[in-house]
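Please walk through the structure below, looking at how its parts pack and where space is left inside.

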Amino acid sequence: MTLATLREVLQPALTGQYAVAGLVTLGWEDMRAFVAAAEAEGCPVILQAGPSCRAHTPLPILGKMFRHLAETASVPVVAHLDHGYTIQECREALESGFTSLMYDGSRAPLGQNIDETAAIVEMAHAAGISCEGEVGFVGYAQGESSAGTDPHEAARFASETRVDAMAISVGNVHLQQDKEGGLDEQRIRDIEALTDVPLVIHGGSGVPVAQRTALARGSNICKFNIGTELRMVFGQALRGAVNADPSRFDRVSIMQDIHDPMVAATRAVLAALGPGTKEV
């Protein structure tokens, strides 16, 4: 069994100068492909259940799916709640076998965010699992605007909450379909100067791959969340599989054609972050 907590995979990344991918899952087909890719690359992987995933699959079911994959995997697998918005959601994930909770209080005033996140951290640590928090606000492409992370607020947040990982807003946005932007590296360095907690980039799909690699190897960013980039691959592969044979209707048959493209795309994501042991 290779079920791991977030701390167990991010602390080695912090000292070893690499990053771990937090891969946003929506169903069995993609999470199975993510683990297969991680095994092929010989690196850990974080399976993430975000709000969209939880909207159609209950947390107790997701917990069992994640844990089943971890139990049969040859690499560390983290079962991670992404963007938990209430203590009830976080407690349900904990009770469902998740090994990591991300509490998102980033829309709240700093003091409230610290108090609420600290309570989730205490609950998680008492159960032997990890907790990620967010300071600043990571916005959405075509949606809410970001609020950049203040380095001094980040230092206070890290110290007072005792989070195992800290998501920051440094030019990244959720749901970005292109890679024309980039992260504010000076702000990252300013945050690093005041903290020593592993840093997390949400909206990693919009970050140029070369910058991901450089920061994975030369900063305290230890986790890049990747969702949109791989969902686009899934959609393209599904469209191709359906259009290739209009008479085919069996879901199992169609989904067999999705697996290999998803594994290949995921391997490329993982290889860019390290510390894989195999060539793509």
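**A cavity and a helix pair**

Strand S2 (20–25) and helix H11 (251–273) each supply at least two residues to the lining of the largest cavity. The model is a predicted one. Rolling a probe the size of a water molecule over the atoms shows where empty space is left. Here the count comes to one cavity of 30 Å³ or more, and the largest cavity holds about 30 Å³ of space.

Which residues line the largest cavity? The lining consists of Ala19, Val20, Ala21, Cys43, Pro44, Leu270, Leu273, Gly274 and Pro275. By class, eight residues of this lining are nonpolar, one is polar and none is charged.

The second topic is a pair of helices. Two packed helices are described by the angle between their axes and the distance between the axes. For helix H2 (residues 28–41) and helix H4 (residues 59–71), the axes come within 10 Å and cross at roughly 25°. Angles under 35 degrees count as roughly parallel, and H2 and H4 are therefore roughly parallel to each other. The crossing in which H2 passes H4 is right-handed.

What makes the contact between the two helices? On the H2 side the residues are Trp28, Met31, Arg32 and Val35. H4 contributes Leu62, Met65, Phe66, His68 and Leu69. Sorted by class, the residues of the contact of H2 with H4 comprise seven nonpolar, one polar and one charged.

Terms used
Residues numbered from 1 in each chain as written. Predicted model: local features only at pLDDT ≥ 70, side-chain atom pairs only at ≥ 80, totals over all residues. Heavy atoms only, no water. Axes fitted to C-alpha atoms, helices over the stretch in contact; angles between N-to-C directions. Helix = DSSP H or I, 4+ residues; strand = E, 2+ residues; numbered from the N terminus. Parallel < 35°, antiparallel > 145°, perpendicular 65-115°, else oblique. Left-handed = near helix turned anticlockwise from the far one by under 90°. Contact = heavy atoms within 4.5 Å. Nonpolar A, V, L, I, M, F, W, Y, C, P; charged D, E, K, R; others polar. 1 Å grid on protein atoms, 1.4 Å probe; cavity = no way out; pocket = protein on both sides within 12 Å on 5 of 7 lines; lining within 4 Å. Points joined across faces, edges and corners; volume = space filled by probe spheres on them.
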